[in-house]
Amino acid sequence: MTSLRTDRVVRRLADKVVVDGVTLTLTPGETVGLLGPNGSGKSTLLRLLAGVLAPTAGVVTLDGRPLPEVGRRATARRVATVEQHAHTQTELTVRDVVALGRIPHRRAWTPPTAADTEAVTAALARTGLTDRAAQSWHTLSGGERQRTQIARALAQEPRELLLDEPTNHLDIQHQLDLLALVANLPVSNVIALYDLNLAAMYCDRLLVLREGRAVAEGTPADVLTPALIEQVYGVHAEVTDDPGHPVIRFLRPAGAEGRC
């Protein structure tokens with residue numbers, strides 16, 4: 001059974017091909033990691049999956065229907081996104097931000113319903129933000145802001161969640177906490193990540209992009225090999241088996257043995 005799928009999608013920007021013939025099938029309940037260096041097409045592929053961008057060629061489907069047929073509002077009820085950075089000059093509380101996730105479920109200018117309030121309260125509880133609900137967004141730490149954005153996405157009551165570098169600028173503890181939270185959500189996840197070890201720990205399956213093309217797909221143990229890491233990232237690495245997932249150790253280039 002599939003939910004969200006790209007079938008040989010291409011996205012061009014002027015004369016540049018940003019995503020080149022990528023096929024990805026997301027099955028219910030799994031977490032897929034998107035890997036690749038800067039400029040490999042990860043963020044663009046996420047936007048194609050969300051319906052924010054239209055493919056130049058190929059098709060994105062939700063339950064077998066092309067996204068244009070599903071419609072933007074219906075897609076937004078099913079598919080939620082969490083961007084790398086979220087900013088606002090407006091003075092909002094955490095609850096206000098999370099309540100934005102209910103917009104796809106409401107008609108314009110109508111007050112929140114009991115279902116809206118319940119969804120927001122549940123999203124705050126699941127992300128551990130209940131005691132922060134009345135706090136100003138601007139006073140939150142980076143990790144708390146990311147959790148608030150995930151809560152906002154969960155308030156949409158999606159079945160698919162797309163996250164673009166959600167651990168960016170977070171310390172190690174908050175990275176681990178955030179990915180553990182995401183991996184245990186009752187949704188299907190696609191997460192763009194730079195950290196290969198985090199991807200190995202928390203993703204069921206990986207899709208590796210290079211210059212817009214898919215170069216590998218499979219479980220972390222199948223994909224994260226020294227040869228693949230050198231091919232895609234241009235660095236040497238050792239990969240060892242840890243219970244449940246591979247562990248990557250990057251090797252210093254010759255002549256780079258100095259201390260920090």
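The structure is a predicted model, in which local features need pLDDT of at least 70, side-chain atom pairs count only at pLDDT 80 or more, and totals for chains, interfaces and linings use all residues. Residues are numbered from 1 along each chain as its sequence is written, and side-chain values use heavy atoms, with hydrogens and water left out.

Asp116 counts as buried because its relative accessibility is 4%, where buried means under 20% relative accessible area, exposed over 50% and partly exposed in between, with a 1.4 Å probe and protein chains only. The Asp116 side chain comes to 2.9 Å from the backbone nitrogen of Thr113. With neighbours within four places in sequence set aside, Asp116 is in contact with Arg102, His105 and Arg106, contact meaning heavy atoms within 4.5 Å.

Two packed helices are described by the angle between their axes and the distance between the axes. H5 packs with helix H6 (residues 142–155) at an angle of about 140°, and their axes are 8 Å apart. Axes are lines fitted to C-alpha atoms, for helices over the stretch in contact, and angles run from 0 to 180 degrees between N-to-C directions. H5 is therefore oblique to H6: angles under 35 degrees count as roughly parallel, over 145 as roughly antiparallel, 65 to 115 as roughly perpendicular and the rest as oblique. On the H5 side, the contact is made by Ala119, Val120, Ala123 and Arg126, and on the H6 side by Ala151, Leu154 and Ala155. By class, this contact of H5 with H6 has six nonpolar, no polar and one charged residues; Ala, Val, Leu, Ile, Met, Phe, Trp, Tyr, Cys and Pro count as nonpolar, Asp, Glu, Lys and Arg as charged, and the others, Gly among them, as polar.

Helix H6 also holds Gln146, a residue that is buried at a relative accessible area of 7%. Beyond its neighbours within four places in sequence, Gln146 touches several residues by contact, including Val82, Glu165 and Leu178.

H6 packs with helix H7 (residues 172–183) as well, at an angle of about 10° and with axes 10 Å apart, so H6 and H7 are roughly parallel to each other. Gly143, Gln146, Arg147 and Ile150 of H6 meet His174, Leu178, Leu181 and Val182 of H7 in this contact. The residues of the contact of H6 with H7 comprise four nonpolar, three polar and one charged.

Definitions and conventions: Polar contact = N/O pair within 3.5 Å; in protein donor to acceptor, adjacent residues only side chain to side chain. Helix = DSSP H or I, 4+ residues; strand = E, 2+ residues; numbered from the N terminus.
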